[in-house]
Structure formats: C-alpha cells, structure tokens
Amino acid sequence: MFDDWLRKLKDRLFEPIAPLVGRWLHPNLISLLGLLVGLAAALLASRGRSVPAFFAWMVNRTLDGLDGSVARASGKQTDFGGYLDTVEDFVVYAAIPLGVVLSHPTEAAWRAGLFLLATFYVNAASWMYLAAILERRSMGVATTGERTTVTMPPAIVAGTETIVFYSAFLLLPGWAPTLFWLMGGLLLLNVVLRLVWARRRI
C-alpha cells in the first residue's frame, strides 16, 4: 500500500550517490551482493541471532533499492537486471521464514511457516501474471510511470509491508507463528482483491 511513497523516498536518498556507485559497481553485482546478505540474514536467523539477522535484512533491502537507482544513473538498466532482482528477492523471501522456523522448530511454527510460504507462492502468481497481461495490453509501466521493470498492481501487502513483517519475524521470533498466519491471511486477501480488480478491467 505504501510502495509509491517508499520508492520516492528511496529515490531521493539514493540518486545523489548512485552515479558514484555506478562507476565502481555494476547494478547486477549489487543485486547479487544483496542476495548473499539476504541469505546471511536467513542463516543468522536459523541460529537464533535475531539482531544481526535483522541488520543483514536491512542491508539486503538497502542493496535491493540501490541496484535500480544505480542502473538508471549509469545507463545500465535492463530487463534482465529487473528479472534478476525479482528472482533474488523471492529467494530471500523464502529463506528468511525458513531460517526463523529453524531457530524455533515447533510444530506450530512449521505449520504457520508452510502456510505463509504457500500463500506467498499464490500471491506471487496473482501479481506476476496480472502484471504480464497489463504490460501486453499497454497498461503497464509505460502508462503508470512506475520505476519498476513491470507494473506492480496495488495490494494490501506489497513491498513495504513485506519489509515490516519480515523485520518483525526476525526481531520477534517467538511471535513468528502468529505473524506468519497474519501475513498469510493478508496475502490471500491480496489474491481475492486482485481477482476482483482484474475481472472488472481485463
């Protein structure tokens, strides 16, 4: 719900430094570094090191925002770069809940974690395929002006909310099962709302 606001804030913060960073680092390398740090966050979470895991997650999110700014500033923005960035995001999105569950491997945590990952999978399909259809119908980024590779249809839980939930998973692992159920339920609501939105427009 707050992604437009967060992207504008990110652009204001990163645009002054992006040209300098772009002289030294290719945006795809920044994406790969973000992936490694995100996997480190999951590993730290699995070992019960909540605070270091949270800081690694914050570095991951920072690099995830920086790569696009560097790509635009250095003239190296490509469709492959956007695709790579999205794939790496979803690797980290899958790894962190698993890391949290491994640090508290109760039956309740496993059930909640499986529910979250299942709903994440369905939610991802609901927006990715819809985005592809909107792009094909010339209703995508060229029309909306979004600074993303493909359009991001509005949702209750999008990038900003995911950052908040995952931060809570890492900092409050004892509450993770409850938070997993809550986020998973909201992701299912995302799917329903997108289906209703799509039925009326495409």
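Predicted model: local features only at pLDDT ≥ 70, side-chain atom pairs only at ≥ 80, totals over all residues.
Good morning, colleagues. I begin with the overall architecture. The protein chain contains 9 helices and 0 strands, so that, read along the sequence, its pattern is α-α-α-α-α-α-α-α-α. Its radius of gyration is 17 Å, close to the 17 Å that the globule rule gives for 202 residues, so the chain is as compact as a globular protein of that length. Along the principal axes, the C-alpha trace spans about 45 × 45 × 25 Å. Of the 202 residues, 45% count as buried. Among contacts with a separation of 6 or more, 77% are between residues 24 or more positions apart. The accessible surface comes to about 11000 Å², and carbon and sulfur atoms hold 70% of that area.

Let me turn to helix α3, which covers residues 27-46. At 1.5 Å a residue, its 20 residues should span 28 Å; the end C-alpha atoms are 29 Å apart, which agrees. The buried residues of α3 include Pro27, Asn28, Ile30, Ser31, Gly34, Leu35 and Gly38. Further along α3, Ala41, Ala42, Leu44 and Ala45 are buried as well. Against which helices do these buried residues pack? Their partners are α2 (18-24), α4 (50-74), α5 and α8 (159-171). After α3 comes Gly48, whose phi is positive, near 75°.

Asn28 is among the buried residues of α3, while Gly82 is placed in helix α5. Gly82 and Asn28 are 54 residues apart in sequence, yet their C-alpha atoms are 9.0 Å apart in space. Gly82 is itself buried, given that its relative accessible area is 13% and the cut-off for buried is under 20%.

I come next to the charged side chains. How many salt bridges does the structure hold? There are 3. Arg61, Asp64 and Asp89 are linked in a network. Within it, the side chains of Asp64 and Arg61 meet at 3.3 Å, N to O. These two residues are separated by about one helical turn, because they are 3 residues apart in helix α4. As a general point, an α-helix has 3.6 residues a turn, so residues three or four places apart point the same way. The side chains of Asp89 and Arg61 meet at 3.0 Å, N to O. That pair links distant parts of the chain, with Asp89 in helix α5 and Arg61 in helix α4, 28 residues apart.

The remaining bridge joins the side chains of Arg111 and Glu107 at 2.7 Å, N to O. Both residues lie in helix α6 (residues 107-136), 4 residues apart, about one turn of the helix. Here, Arg111 and Glu107 are both exposed.

Finally, I consider the surface. Leu39, Phe80, Tyr83, Val87 and Val91 make a nonpolar patch of about 470 Å². Which helix supplies the largest share of this nonpolar patch? Helix α5 (residues 79-103) does, with 4 residues. Tyr83 is exposed, because its relative accessible area is 56% and exposed means over 50%. Thank you for your attention.

Methods. Residues numbered from 1 in each chain as written. Heavy atoms only, no water. Patch = residues over 30% accessible without salt bridge, like charges linked within 9 Å, V, L, I, M, F, W, Y side chains within 5 Å. Areas by Shrake-Rupley, 256 points an atom, 1.4 Å probe, with all protein chains shown as cover. Salt bridge = Lys/Arg side-chain N within 4 Å of Asp/Glu carboxyl O. Buried < 20%, exposed > 50% of the residue type's maximum accessible area, 1.4 Å probe, protein only. Rg over C-alpha atoms; globule rule 2.2 N^0.38 Å. Contact = heavy atoms within 4.5 Å. Expected span 1.5 Å × (residues − 1).
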